[in-house]
Amino acid sequence: MKLIKIDHLGVAVNSIEGVKNFWTDILGLKLVGCETVAEQKVCTGFFPVGESEIELLESTAPDGPIAKYIEKKGEGIQHVAFRVENIEEALAELKQKGVRLIDEKPRIGAGGAKIAFLHPKATSGVLVELCERS
Ligand code: ZN
């Protein structure tokens, strides 16, 4: 399996609109796109920084995974996403090594990327996302 780089850090927030000024006006980053991923009940906003991005995540429903995360842990870094060359191969290798996965098969995330999550119990509490972009 080849990890290329940290693709993005996912940050759970109550409201993208409410915190956007910090990332743009204060840090000088650009919000390059907002997208709703209906299946995940989440609205995402991406701020590129160097080779990586910050992904703000706002829940679109009270029972969505981000709403539940914030309820439990408050706002903050929710996941780390690694860019991989081939996500199917990476998942097969992890499975073979006995790593617990949330997604056995990739699904389509924001920006049309193929994504899959590893189980935080397998990664010392860090929710790890694998991400392949073409
Ligand atoms: Zn992500």
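## Ground rules

Because the model is predicted, local features need pLDDT of at least 70 and side-chain atom pairs count only at pLDDT 80 or more, while totals for chains, interfaces and linings use all residues. Residues are numbered from 1 along each chain as its sequence is written, and side-chain values use heavy atoms, leaving out hydrogens and water.

Let's start with helix 2, residues 65–73 (helices, H or I, at least four residues, and strands, E, at least two, are DSSP runs numbered from the N terminus). Its buried residues are Ile66, Ala67, Tyr69 and Ile70 (buried means under 20% relative accessible area, exposed over 50%, partly exposed in between, with a 1.4 Å probe and protein chains only).

## Aromatic rings

Phe22, Trp23 and Phe47 make up one aromatic cluster (rings of Phe, Tyr and Trp, using its six-membered ring, pair if their centres lie within 6.5 Å; planes under 30 degrees apart are stacked, over 60 edge-to-face, the rest tilted). Phenylalanine 22 is partly exposed at 39% relative accessible area, whereas tryptophan 23 counts as buried at 15%. Tryptophan 23 and phenylalanine 47 form a tilted pair, 6.1 Å centre to centre with 35° between the planes. Tryptophan 23 lies in helix 1 and phenylalanine 47 in strand 3, so the pair ties together parts 24 residues apart in sequence.
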